[in-house]
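Please open the model in your viewer and keep the selection tool at hand.

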Amino acid sequence: MADTEDPERDPRWDAVRAAGRRRVPTPPGLVERVLRAVARGRRTPVDVPRETGRPRVTEDAVTRLARTIAADGVRVTAVTVDGDVVRVLVSVRSGVAAGEAAEALRRDITARLARHPGVTSVVNVHVVDVHPG
């Protein structure tokens, strides 16, 4: 077929046009899975549990937050939230001032969480490892 021929009139495209008109059923559960994935991606750093009605931080959100704001040479390895206490475990690159890096991350996380009304959290950052540069 030459480039100048119209595919709308070419019978060789009939199968493609027919496939385009055919309705494809949505697999069972696909919509629910997509909506759950979207909701997880938009999670804010706080959650309001139904039983207490009081805002609290979520481990997933604090992990994302900490990894986003951690300075060069600082790796967030784990985050736990136990009540009002947030524990962040980090590994620092060899040569990085561990104490200063941990304190800077602690201050930054605390400041970001304080932007959410009603959230009171004690943030502790612990250096648990040193990795090569």
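In this predicted model, a residue is called buried when its relative accessible area is under 20%, exposed when that value is over 50%, and partly exposed in between.

Begin by selecting serine 91, which you will find in strand 4, spanning residues 85–93. With a relative accessible area of 4%, serine 91 is buried, because that value falls under 20%. If you then display the surroundings of serine 91, leaving aside neighbours within four places in sequence, the residues in contact with it include Gly73, Val74, Arg75, Thr77, Asp129 and Val130.

Turn next to the salt bridges, of which there are six. Select aspartate 10 and arginine 12, whose side chains meet at 2.7 Å, N to O; aspartate 10 is buried at 5% relative accessible area, whereas arginine 12 is exposed at 55%.

Move on to helix 3, residues 59–69, where aspartate 60 and arginine 64 lie four residues apart, about one turn of the helix. Their closest N and O atoms are 3.5 Å apart in a salt bridge, and both count as partly exposed, arginine 64 at 43% and aspartate 60 at 29%.

Finish in helix 4, residues 98–114, by selecting glutamate 103 and arginine 107, which are separated by about one helical turn because they are four residues apart. Salt bridges with shared partners join Glu103, Arg106 and Arg107 into one network, and within it the side chains of arginine 107 and glutamate 103 meet at 3.7 Å, N to O.

Methods
Residues numbered from 1 in each chain as written. Predicted model: local features only at pLDDT ≥ 70, side-chain atom pairs only at ≥ 80, totals over all residues. Heavy atoms only, no water. Helix = DSSP H or I, 4+ residues; strand = E, 2+ residues; numbered from the N terminus. Buried < 20%, exposed > 50% of the residue type's maximum accessible area, 1.4 Å probe, protein only. Contact = heavy atoms within 4.5 Å. Salt bridge = Lys/Arg side-chain N within 4 Å of Asp/Glu carboxyl O.
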